[in-house]
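Welcome! Please take a moment with the sequence and the 3D view before reading on.

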Amino acid sequence: MRNYKKKGTRQTVCEKSMNAALQDLKDGIKSIREASRCYEVKISTLRKRWLRIQHHKMKHIPINNALKLILDKSSKYSSRQIFSTKEEEQMVDYLKKASVLSYGFTMEEMRILAFQYAKHLQKNIPENWDVNEMAGEEWSRNFMKRNRHRGSIGIFNGSGYQDKDSFLETLKHLKKYALSSKESPILLLLDNHASHCHVQCIDYCRENGIIMLSFPPHTSHKTQPLDISVFGPFKRRCAKLFQAWMRENREKAGRITIHNIVKISAEALEGSFSKHNVQAGFLKAGIFPFNKERLINQAKEVESISTNLQINPEPSEANAETVETIRPLPRPLQIKNENKRTVTSMVLTNSPERDKRNLIEIKKNPKSVVSARRN
């Protein structure tokens, strides 16, 4: 893949990000500096536009309309864009409608569409567009960045599982929108997956004010808010929607493929990842409002069942037709290991724990550590 490097140092303006930043300023949600960091727009440009809006007394009208009135064209740099903001919005709307009709565009098809649209509008396009009869790779990547969903990010790898690199990208995304710093830290609750415990990720959190607190092992079903109140409803909604889709499309497709799974899951996602469900997870786990007795009582309940469990219950008149008689509960697993290390919840970003993880990684793969030091 070609990685184009700009010859100049001037920064182009992403109009969607700029408009979102100005909207937050108008609503009083963020300061100019916070909006600049959050939406990755140049602070001087953002301040200049905001001052113009204030000077012309346009704070009472929508941001998009205000910008159209005070700027001849979105900015002196955006004139280099092939399409105007409105034309790109029309393209986005078209691509979304095509996706709804199960005719989603690949990246190459989208580049061809952009080329044809530019020719139709008689745009001044780069020479390589005419040669290849499609838009350039650099334009397509920037188009996707300009028109991505606000606050969203997509990360994947070949194995299908999260690794340290993908988790590090997630942390960077979190830092961008949470605006964490050493002066204003945030708390991140997570399990003890290997990708979460990598030293590179821990160091990034230490440098950017993210305190990593892990759940005790084998307790995420009781302590992790998403496991408690979000993932369950999401899976049940997905199952119903998948079955309904297969009934309605039995003659056309017959089975769900990667091309339509995102569209079907989106409806389940919207209903499951609601503010109410997320807050309910934190409440039931006892995290917020803080309630340590809730988890302790749940642990005691499990221990009580295990202790009082009859391995071979004798049938009697009272319990002759109980579930335990028909299918006895399994025996509690007894693991005898005197050398077993007790693992509890821990702050991964603390210096002792970070150094311990670093020693473990050195023992596992000393070459990679040496290589990292040289770089």
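The notes below cover the model itself, its cysteines and some backbone details.

## About the model

This is a predicted model, in which local features need pLDDT of at least 70, side-chain atom pairs count only at pLDDT 80 or more, and totals for chains, interfaces and linings use all residues. Residues are numbered from 1 along each chain as its sequence is written, and side-chain values use heavy atoms, leaving out hydrogens and water.

## Cysteines

Let's start with sulfur. A disulfide here is a pair of cysteine sulfur atoms within 2.5 Å, and the count by this rule is 0. For C201, the nearest cysteine sulfur belongs to C205 and is 7.1 Å away, so C201 is in no disulfide.

How accessible are these side chains? Buried means under 20% relative accessible area, exposed means over 50%, and partly exposed lies in between (1.4 Å probe, protein chains only). C201 has a relative accessible area of 1% and is buried. C238 is buried too, at 7%.

## Backbone details

Most residues other than glycine have a negative phi, and most peptide bonds are trans. Q122, which is not a glycine, has a positive phi near 55 degrees. Q122 sits in the loop between helix 6 (107-120) and helix 7 (127-132), and is exposed at 73% relative accessible area. Helices (H or I, at least four residues) and strands (E, at least two) are DSSP runs, numbered from the N terminus.

L179, also not a glycine, has a positive phi of about 55 degrees; this residue lies in the loop between helix 9 (164-178) and strand 1 (186-190). Finally, F288 and P289 are joined by a cis peptide bond, with omega about -10 degrees. P289 belongs to the loop between helix 15 (275-285) and helix 16 (292-308).
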